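Please look over the structure shown here together with the short briefing that accompanies it. The notes are arranged by topic, so that each can be read beside the coordinates.

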Amino acid sequence: MDSMSSDTLSQHISDAALRIEDRVIAWRRDIHQNPELSYQETRTAAMAAEHLRKLGYEVRTGVGITGVVGTLKGDKPGGVVALRADMDALPVEERTDVPFASKATAQYLGQTVPVMHACGHDCHVAILMGVAEILAGMKAEIPGTVRLIFQPNEEGSNDGRPSGAKAMIADGAMANPAPSAVFGLHVTSGVRSGVIALRPGGLMASADRLKIDVEGRQTHGSMPWRGIDPVVTSAQIILALQTIVSRQLDPTVTPAVISVSTIHGGVRNNILPDSVAMEGTIRTHDEGVRADIWKRIDKTATAIAEAAGAKAKVTVFQGVPVTYNDPGLTDWGTGSLKDGLDTQRVTESRPTMGAEDFSYLAQVVPGMFFFLGITPPEGDPRGAPANHSPLFYVDEPALKYGVRALAYLAVDYLRRGIAVD
Ligand SMILES: [Zn+2]
Ligand SMILES: [Zn+2]
């Protein structure tokens, strides 16, 4: 295989992806009709595990609660590369009119909720199952080991348990043998069907949950001077927080967003309450700026509250880090994708403000994450329902390009390494 030309390898994988396309789509529809929430992905995990076992992979289940790890040792010696797919769905009620639309419900934080693969992780699982089969068919020629990671809980179970990537790392998914690179993809409605978009450096943002509790002193609404008004104080804090990004940060270093998204306080028009609670999200593409923003939020909220005689308690729940594409690996990988698919199919992505816990895997070893467009040719990626929308729609012919991309990257990485041009 090391002697095989890029064209021959690309053609081989392209033919194999075409042969398996119908089954990849069937798997995707099956998973779509049977979506499972974060850390409840038992059916999906069993499906992936059974497929891997049949193909001769060494399989570990229950990795990071519901995750599955498959290992394929090629017949030739070489390095180790990892590929990752996430498996969980969202508490969203599907409103598409596809015949395999989800009607599923599940328990989420003590409530019964509708469940939908509104982020397209059904596609990720089906794509990686397709890749697994193609690679198993090439086992005799693969120089090294491929580690496949079927990961639970990417979206966040919001019950205090760690993200799926973190849990799987803690449970050995990136060890024995340890890969030296990890690749993953995400389907997105923001890109045209079958087109791949990526960039070196920060691709997706860090995401932290922000909570601010403002404590004043309750009084009659007609006599604010008799108490301490946490409502006006909170309004001042919300506005001042917006000046952190616009007035205090260098916009050429990183995009950043601070959003206060919930505010709760008071029960009646003529009572100023004791306290107000707010929640929001903090996004950046730079770990230094991220830590700096936490300090600035605390200083701003605390000082404004103090000026009003109130108290502000700021809590930042640290979420996922920046999804950082290793520049060396991504330069190499972009070239590899152009060889494996074709040059027009691979485009540069802008940084996006969404977040991904693939970032944890890419902290263990150099990682490269990329988007796969799924908006049909006749649609407009700018106007198509976004990931997480009840109308999220996948143009299924795009899936084979995801299969080709991951299969080609894995084999090309093992046969060439990134040092070789
Ligand atoms: Zn999502
Ligand atoms: Zn997602």
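Predicted model: local features only at pLDDT ≥ 70, side-chain atom pairs only at ≥ 80, totals over all residues.

A zinc ion (ligand 2) is held by Cys 119, His 121 and His 186, while helix H3, which spans residues 121–137, makes contacts with helix H9 and with helix H1.

**Zinc site**

- The zinc ion (ligand 2) is coordinated through SG of Cys 119 and through NE2 of both His 121 and His 186, at 2.1 to 2.5 Å.
- Along the sequence, the donor residues of the zinc ion (ligand 2) follow the spacing C-x1-H-x64-H.
- Cys 119 coordinates the zinc ion (ligand 1) as well as the zinc ion (ligand 2), and the two ions are 3.1 Å apart.

**His 124 in helix H3**

- His 124 is placed in helix H3, and it counts as buried because its relative accessibility is 3%, where the cut-off for buried is under 20%.
- Although His 124 and Ala 17 are 107 residues apart along the chain, their C-alpha atoms are separated by 15 Å.

**Contact of helix H3 with helix H9**

- The axes of helix H3 and helix H9 (residues 399–416) come within 9 Å and cross at roughly 50°, an angle that makes H3 oblique to H9.
- The crossing in which H3 passes H9 is right-handed.
- On the H3 side the contact involves Cys 123, Ile 127, Leu 128, Gly 130, Val 131, Ile 134 and Leu 135, which meet Leu 399, Gly 402, Val 403, Leu 406, Ala 407, Ala 410 and Val 411 of H9.
- Sorted by class, the residues of this contact of H3 with H9 comprise 12 nonpolar, two polar and no charged.

**Contact of helix H1 with helix H3**

- Helix H1 (residues 6–33) and H3 have axes that come within 8 Å and cross at roughly 140°, and H1 passes H3 in a right-handed crossing.
- H1 contributes Ile 13, Ala 16, Ala 17, Ile 20, Arg 23, Val 24, Trp 27, Arg 28, Ile 31 and His 32 to the contact, and H3 contributes residues including Asp 122, Cys 123, Ala 126, Met 129 and Glu 133.
- The contact of H1 with H3 has 13 nonpolar, two polar and four charged residues.

**Backbone features in loops**

- The peptide bond that joins Asn 176 and Pro 177 is cis, with omega about -5°, and Pro 177 is placed in the loop between helix H4 (164–170) and strand E7 (182–192).
- Ile 65, in the loop between strand E1 (58–63) and strand E2 (67–73), has a positive phi near 75° while being a residue other than glycine, and its relative accessibility of 42% means that it counts as partly exposed.
- Asn 153, in the loop between strand E6 (143–151) and H4, is likewise not a glycine and has a positive phi of about 35°; Asn 153 is buried, with a relative accessible area of 0%.

Note on methods. Residues numbered from 1 in each chain as written. Chains lettered and ligands numbered in written order. Heavy atoms only, no water. Donors = N, O, S within 2.8 Å, 3.2 Å for Na, K, Ca; no water. Axes fitted to C-alpha atoms, helices over the stretch in contact; angles between N-to-C directions. Helix = DSSP H or I, 4+ residues; strand = E, 2+ residues; numbered from the N terminus. Parallel < 35°, antiparallel > 145°, perpendicular 65-115°, else oblique. Left-handed = near helix turned anticlockwise from the far one by under 90°. Contact = heavy atoms within 4.5 Å. Nonpolar A, V, L, I, M, F, W, Y, C, P; charged D, E, K, R; others polar. Buried < 20%, exposed > 50% of the residue type's maximum accessible area, 1.4 Å probe, protein only.
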